[in-house]
Amino acid sequence: MNHLISPSILASDFGNLQRDVEMLNKSEADWIHVDVMDGLFVPNISFGFPVVEAVKKHAKKPLDVHLMIVDPDRYLKEFQEKGANGITVHFEACTHLHRTIQGIKELGCRAGVALNPHTPVAMLDDIIEDLDLVLIMSVNPGFGGQKFINNTYKKLHDLKSLSSSRNPNLYIEVDGGVGDQNVKKLVDAGANVLVAGNSVFSAADQPLAIKNLKYPL
Ligand code: DX5
Ligand code: ZN
C-alpha cells in the first residue's frame, strides 16, 4: 500500500483551528493526527474533548487519536463519541492491554498501540494479531519539534518482519521528527503511516509540505 500522511494538529495554530483543519481537508493528508496529553503519562498537557469535537466539526478526514494518558479505558467511549475514527493507546499506560484493545474495537474504532522509544517491538508478540495499528514513537512523547531517534529504523524493521508473518494488513505508524529528510528511509524500513507536526505546520506552503511527504522525490 502507498503510505499515508497523518499531520498532527498539535503543531497547528489553535487560534485558527478551523482554517488549519480546512487546509488539511484540501491537502493530500489522509488522516488527521490528534495528540491528547494528560500531564501525567507525559510531562505536558495538550487538549481534551472540546478540541477533538471542534476538529471533528470541520474535518473531512478520519481522526487518528493518539492518547498519551494513563488508564485510557476511562475515556475511550467519550473519544469515540467526540469523533475518533482510530484510537491509539500506549503500551506503557495499559495494565490490561488486551481488554483495552477489544474495548476500542467494540466502539467501532481502529485499534492501535504506541510504543515509547525504550519499549521493544517484541513486547507485542502475544497481541500482534489483535491490532489494527502500531505506532512507533521516534521521539519521547510529550512535545512536538523534537529530534528524531535513530534506533527507530531498527524497530520499524522488527515490526515489519513481525507483521509480514502474523498481521500483513497492520498499519505501521511512525511519530516524531518526521520530515523531508527521513521520509524515504522510514517508508523503506516499513512505515506506512507518517505523522508530521512541525515539518508541516511550520512550512511556508503547508499543502506542498504534505504533498512532498506523500510523494517524496
Ligand atoms: C509527540 C506527539 C507527536 C508530535 C509530532 O508526543 O505524539 O504526534 O505532534 O510532532 P513533530 O512532527 O513536530 O515531531
Ligand atoms: Zn502523536
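What volume does the largest pocket have?

1. In this predicted model, the largest pocket has a volume of about 260 Å³. Its lining comprises 24 residues, and those that lie nearest its centre are Phe143, Gly144, Gly145, Asp175 and Gly176.

2. Several elements contribute to that lining: strand E2 (32-37), strand E3, strand E8 (193-196) and helix H7 (198-201) each supply at least two residues of it. By class, the lining of the largest pocket is made up of 11 nonpolar, 11 polar and 2 charged residues.

3. Asp175 also belongs to the metal site, where the zinc ion (ligand 2) is coordinated by His33 through NE2, Asp35 through OD, His66 through ND1 and Asp175 through OD, at 2.0 to 2.3 Å. The arrangement is octahedral because the 6 donor atoms around the zinc ion (ligand 2) subtend angles of 68 to 170 degrees.

4. Along the sequence, the donor residues of the zinc ion (ligand 2) follow the spacing H-x1-D-x30-H-x108-D. Since His66 lies in strand E3 (residues 63-68) and Asp175 in strand E7 (residues 171-175), this pair ties together parts that are 109 residues apart in sequence. His66 and Asp175 are both buried.

5. The second largest pocket has a volume of about 150 Å³, and its lining consists of Met1, Lys160, Ser163, Pro168, Asn169, Leu170, Ile172, Val187, Gly190, Ala191 and Asn192. By class, the residues lining this second largest pocket are 6 nonpolar, 4 polar and 1 charged.

Note on methods
Residues numbered from 1 in each chain as written. Chains lettered and ligands numbered in written order. Predicted model: local features only at pLDDT ≥ 70, side-chain atom pairs only at ≥ 80, totals over all residues. Heavy atoms only, no water. Donors = N, O, S within 2.8 Å, 3.2 Å for Na, K, Ca; no water. Tetrahedral: all angles 85-135°; square planar, octahedral: opposite > 155°, others 65-115°. Helix = DSSP H or I, 4+ residues; strand = E, 2+ residues; numbered from the N terminus. Buried < 20%, exposed > 50% of the residue type's maximum accessible area, 1.4 Å probe, protein only. 1 Å grid on protein atoms, 1.4 Å probe; cavity = no way out; pocket = protein on both sides within 12 Å on 5 of 7 lines; lining within 4 Å. Points joined across faces, edges and corners; volume = space filled by probe spheres on them. Nonpolar A, V, L, I, M, F, W, Y, C, P; charged D, E, K, R; others polar.
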